[in-house]
Amino acid sequence: MQFQKEVEILAPREKVWRFIWDVDRFIACVPGCKEAKTIEEGKRYAATMVEKVGPFKVEFPTTIEVLEREELTRIKAQASGADNKIGSRMKLDLDVSLREQGDKTVLGFVAGVDILGKLAALGHGIIKRKADQVLDEFAQAVKAKLEGEG
Amino acid sequence: MLRRFRLEEPESVAEVSELLGRFGESAKIYAGGTELLLAMKEGLVQYERLINVKKLTGLSGVKLAGAAVEVGALSTHHQLEDSPVLKEKLPALVKLEQNVANVRVRQAGTLGGNLCFAEPHADPGTLLIALGAKMVAEKASSKREIAAEDFLVDAYETALEPDEVLTKIHVPVPAASGRSAYLKFGYLERPSVGVAVAFNLNGAVSGVRIAVGCAGPAPRRVPEAEALLEGKSRDEALGRIAEAGAIAGKASQAISDLHGSQEYKEHIVGVLLKRAFQSALS
């Protein structure tokens, strides 16, 4: 499943960039994400993703690995996790880009999400919609947080 | 494999509500079990407690209650196929029930369970929206009615509060001039698209209600399509049905999946709406 999203933030690029690397504040913007930990500064992180569709609940302990980092411009990361209770795995390829536009910063995401295992029985459409919602809420939360700080 | 769980056997709706309130997300109502047990066997959901409601009395069967047909939430699909009251007052619902899933599901599965599980590809919700049905939700100390279109909120989500129990479904008895139909289409086990239409025919078409289901996360009423047909003569309405179908297709929030692409489902909504309208007219 491929997702693309762009959000315009009324804040300088440096500030957005710093925010992304401030794990605790950044993670607070990811819906369903908890217990974020830095394993190796700038390289490896761990978190638990909890998502729900009606009565179906998954909990993925996830490791996030930063693969590429281009100062103030781009981050490429990969995340993967498994819910052993339900027997499902999640893989996420994330490409984050920052670009200046006047006094705004355009934060772009390209995400490739793969869900494997029993959870897939819920149907591709339902999962795609959920993932889309999560990404949307996340983008809005980042915007609200950065712009709210003035 | 099914994991261990505790079976609660309450004797009243108030007791069911109390158990739901007490155990929260670790407990679930068990009626027919046709959806729930499959999901539990697959390991997709786990509950510590199942609250068996099968033995509750007074929640099954169909009767006339004033201007509405009252359907007990525990009525099985099979009971509804066979109900003389439904056959007389709501033949479109009987036809729908005759074609729900397969004979095993119809014997065990209940209408209330079907609605509460809110599986996106279920049939009854769509027609119940078109028929203007109301869901009766009860707690130990309160009771409220929820319009069918507000009840089905999203995929697998209803408007029920955690400790509310769906006890009855009230379907208004259609006027003598009332017409309705539900049509579905699919090539997998569950339908890809379901479309329902209901209206009165007195020279002109009035009180039009259109609902689409299965294509998207939850069935939806389509007021824009209804408005196109409202108050029109039979022929005028038929002339506008393709346009209404296109609107309904967009409103279905169709999702591309194994049941078909978004465009395909939107197209089928149009085809089915036309056929359902013609079938209700004839």
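Predicted model: local features only at pLDDT ≥ 70, side-chain atom pairs only at ≥ 80, totals over all residues.
## The open sheet of chain B

In chain B, four strands form an open sheet in the order 11-12-13-14, and their pairing is antiparallel. Strand 11 (178-185) and strand 14 (220-221) of chain B stand at the edges; each has a single partner strand, so one side of each is left without a neighbour in the sheet. In general terms, strands of a sheet pair through backbone hydrogen bonds, in either a parallel or an antiparallel manner.

Strand 11 of chain B is joined to strand 12 (residues 193-202) of chain B over eight bridges, in the antiparallel sense. Within this region, B:Gly178 stands opposite B:Asn200, which belongs to strand 12 of chain B. Helix 11 of chain B packs on the sheet, where it touches strand 13 (204-213) and strand 14 of chain B. The direction of this helix makes about 25 degrees with that of strand 13 of chain B.

## Two packed helices of chain B

Two packed helices are described by the angle between their axes and the distance between the axes. For helix 11 (residues 234-251) and helix 12 (residues 262-281) of chain B, the axes come within 7 Å and cross at roughly 150 degrees. An angle over 145 degrees counts as roughly antiparallel, and therefore helix 11 of chain B is roughly antiparallel to helix 12 of chain B. The crossing of these two helices is right-handed.

Helix 11 of chain B contributes residues including B:Ile241, B:Ala242 and B:Gly245 to the contact, while B:Val269, B:Leu273 and B:Phe277 are among those from helix 12 of chain B. By class, the contact between the two helices has nine nonpolar, four polar and four charged residues.

## B:Tyr156 and its surroundings

B:Tyr156 lies in the loop between strand 8 (152-154) and strand 9 (157-158) of chain B. This residue counts as buried because it has 23 C-beta neighbours inside 10 Å, and the cut-off for that class is 20 or more.

B:Tyr156 and B:Glu119 are 37 residues apart in sequence, yet their C-alpha atoms are 5.3 Å apart in space. Leaving aside residues up to four places away in sequence, B:Tyr156 touches B:Phe117, B:Ala118 and B:Glu119, and also A:Val53, A:Gly54, A:Pro55 and A:Phe56.

## The contact between the chains

The contact takes 13 residues from chain A and 13 residues from chain B. On the side of chain A that touches chain B, helix 3 (residues 124-148) of chain A gives the most, with four residues. By class, that side of chain A has six nonpolar, five polar and two charged residues.

Methods:
Residues numbered from 1 in each chain as written. Chains lettered and ligands numbered in written order. Buried ≥ 20, exposed ≤ 12 C-beta atoms within 10 Å, placed from the backbone. Contact = placed C-beta atoms within 7 Å. Nonpolar A, V, L, I, M, F, W, Y, C, P; charged D, E, K, R; others polar. Axes fitted to C-alpha atoms, helices over the stretch in contact; angles between N-to-C directions. Parallel < 35°, antiparallel > 145°, perpendicular 65-115°, else oblique. Left-handed = near helix turned anticlockwise from the far one by under 90°. Pairing = 2+ DSSP bridges.
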